[in-house]
Amino acid sequence: MSHAKKTLKEIAAEAGVSIGTVHRAIYGKPGLGEETRQRILDIVEATNYRVNEVASMMKRGEMRVTVLLPSPTREDRFFFRGIWKGVRDAAASLSRYKVGFDFVETPYRLDKMANALRDLYDDEEAEGINGIVTIADTPEAEEWVSRFSRRGVAVVLVASYEKEAKCVASVKTDHRTCGRLAAEFLSYALPDGRGRVLFLPGQTDSHSNQIYAAAFADHMAQVAPAAGLIRIEGIGRAGMAGKITASLAKDKPDAIFCCNARNTHLVCELLAETPPRRRPLFIGSDVFTEIAPYFDRGILDASIYQFHREQGERAVTLLYEHLSGNSIAAAAMTLPALLALRSNYRYFSS
């Protein structure tokens with residue numbers, strides 16, 4: 001027996017809610033109880049009501065999404081574990097629509113994501129995907145995002161400063177403000193703007209790191225023009241431990257700043273292993289479980305929180321809204337900078 005076709009207004013009237021509430025239920029937006037949401041969805045499914053965006057969401061199992069990000073293991077876990085948690089939480093909230101999610105934890109590091117995107121592009125099983133959530137922070141990775149776009153695949157980027165990539169949306173932290181915030185905080189430890197700062201900018205081939213590091217250096221020149229920056233590029237214990245240890249012993253820096261999670265954790269370990277006679281003010285990047293003891297012991301004074309979980313959650317939500325036909329309010333979403341200290345870091349740890 002067929003049901004009479006109903007309009008949005010009639011569905012709202014039957015459910016005893018507003019048309020706006022019906023929209024929130026259909027698109028999985030916050031602001032209403034689960035019981036109300038399910039009652040509205042049951043009414044929608046039981047009628048012949050269809051518009052393009054609703055039809056695409058209500059057709060079970062039709063939408064395929066691939067999340068392609070570095071595996072949150074080894075030193076990559078410090079940054080990507082939070083993003084993966086946000087991704088999976090958002091995907092779970094969409095389970096009622098039976099969107100097909102493929103979670104690909106690639107062993108490729110951030111600077112080699114072009115290889116991971118190439119492999120996905122060449123995979124015959126990937127030809128039917130509708131959208132991708134990924135990271136593309138190098139020119140090579142951006143080129144592969146553009147290829148997916150030409151194939152008709154919608155791409156949403158996290159933690160990426162896209163230049164040529166044809167993504168439909170992106171979510172990232174405001175790295176320029178992050179850099180300025182770190183410089184402002186460190187300037188307080190340098191009397192009369194003088195002193196030595198051990199500066200670890202990370203990977204210079206990453207757009208986000210370039211912006212982050214440049215903003216820090218530029219603002220330091222303003223707030224502490226007489227300070228000397230001791231710059232050591234690179235990431236990870238294997239290539240950096242010896243260089244950092246040598247600088248701590250020789251240069252005796254008054255302050256330390258790290259632009260990434262890997263070096264933040266490494267410096268914490270090195271300062272704990274061989275405490276300097278005079279402890280430098282130390283500000284790092286990212287907030288994660290492994291640095292909690294160093295906050296508590298006073299080794300790490302502050303860290304720039306980059307909203308890992310929020311980036312993952314919002315990227316999945318933006319992609320879903322795009323694929324379901326809903327308009328995206330902000331195609332480029334930039335999250336603010338936040339300074340985590342010993343008194344509040346627990347609110348942000350992942």
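**View 1. Ile-283 stands opposite Ala-302 in β10.** The strands here (E, at least two residues) and the helices (H or I, at least four) are DSSP runs, numbered from the N terminus. β9 and strand β10 (residues 302-305) run parallel and are joined by three bridges; two strands pair if DSSP finds at least two bridges between them. This is a predicted model, in which local features need pLDDT of at least 70. Residues are numbered from 1 along each chain.

**View 2. Strand β8 (residues 255-258) pairs with β9 in the parallel sense.** Three bridges link β8 and β9, and Ala-255 stands opposite Leu-281 in β9. Together with α11, these strands make a right-handed β-α-β unit (with the strands pointing away from the viewer, the path from the first strand over the helix to the second runs clockwise).

**View 3. Both faces of β9 are covered.** Leu-281, Ile-283 and Ser-285 lie on one side, with Phe-282 and Gly-284 on the other, and all are buried (under 20% relative accessible area, 1.4 Å probe, protein chains only).

**View 4. The largest cavity has a volume of about 320 Å³.** A cavity is a set of points on a 1 Å grid over the protein atoms alone where a 1.4 Å probe fits but cannot get out, and lining residues have an atom within 4 Å of a point. Its volume is the space filled by probe spheres set on the points. Of the 22 lining residues, Phe-79, Leu-110, Gln-203, Asn-209 and Asn-260 lie nearest the centre. Helix α9 gives the most to this lining, with three residues.

Key:
Predicted model: local features only at pLDDT ≥ 70, side-chain atom pairs only at ≥ 80, totals over all residues. Heavy atoms only, no water. 1 Å grid on protein atoms, 1.4 Å probe; cavity = no way out; pocket = protein on both sides within 12 Å on 5 of 7 lines; lining within 4 Å. Buried < 20%, exposed > 50% of the residue type's maximum accessible area, 1.4 Å probe, protein only.
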